[in-house]
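Here is a short briefing on one protein chain. Have a look at the sequence and the fold before reading on.

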Amino acid sequence: MKIPLFRKNRIDWEKDPVCHMDVDMGNPNGGTWVYQETTYYFCGPGCNKAFQKEPQAYLSGDKKIEM
Ligand SMILES: [Zn+2]
């Protein structure tokens, strides 16, 4: 797991629901996707795609990708 050396002030971080990495909400590398009126943030396009395929599996914790 990569930990940023420093975090700028006033940036909100959200967990990627697929790999559980911290994602910069202001600039998510993998973009965002809205599911059931909740916006999810992704570390990369791969996680975004995986989540769109089976959102329930990741939200329930059945499925998880280790990065
Ligand atoms: Zn991810």
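The points below cover the core, a strand pair and some backbone angles.

This is a predicted model: local features need pLDDT of at least 70, side-chain atom pairs count only at pLDDT 80 or more, and totals for chains, interfaces and linings use all residues. Residues are numbered from 1 along each chain as its sequence is written.

**Nonpolar core**
- A nonpolar core is a set of buried Ala, Val, Leu, Ile, Met, Phe, Trp, Tyr and Cys residues joined through C-beta atoms within 7 Å.
- Buried means 20 or more other C-beta atoms within 10 Å of a residue's own, exposed means 12 or fewer, and partly exposed lies in between; C-beta atoms are placed from the backbone.
- The largest nonpolar core has 12 residues, including Val18, Met21, Phe42 and Tyr58.
- Two or more of its residues come from each of β4 (38–41) and α1 (45–53).
- Helix α1 gives the largest share, 3 residues.
- Helices (H or I, at least four residues) and strands (E, at least two) are DSSP runs, numbered from the N terminus.

**Strand pair**
- Strands pair if DSSP finds at least two bridges between them.
- β3 (residues 32–35) pairs with β4 in the antiparallel sense, over 4 bridges.
- Thr32 stands opposite Tyr41 in β4.

**Positive phi angles**
- Most residues other than glycine have a negative phi.
- His20, not a glycine, has a positive phi of about 65°.
- His20 sits in the loop between β1 (13–15) and β2 (22–24).
- His20 counts as partly exposed because it has 17 C-beta neighbours inside 10 Å.
- Glu37 also has a positive phi of about 65°, and lies in the loop between β3 and β4.
- Glu37 counts as exposed because it has 5 C-beta neighbours inside 10 Å.
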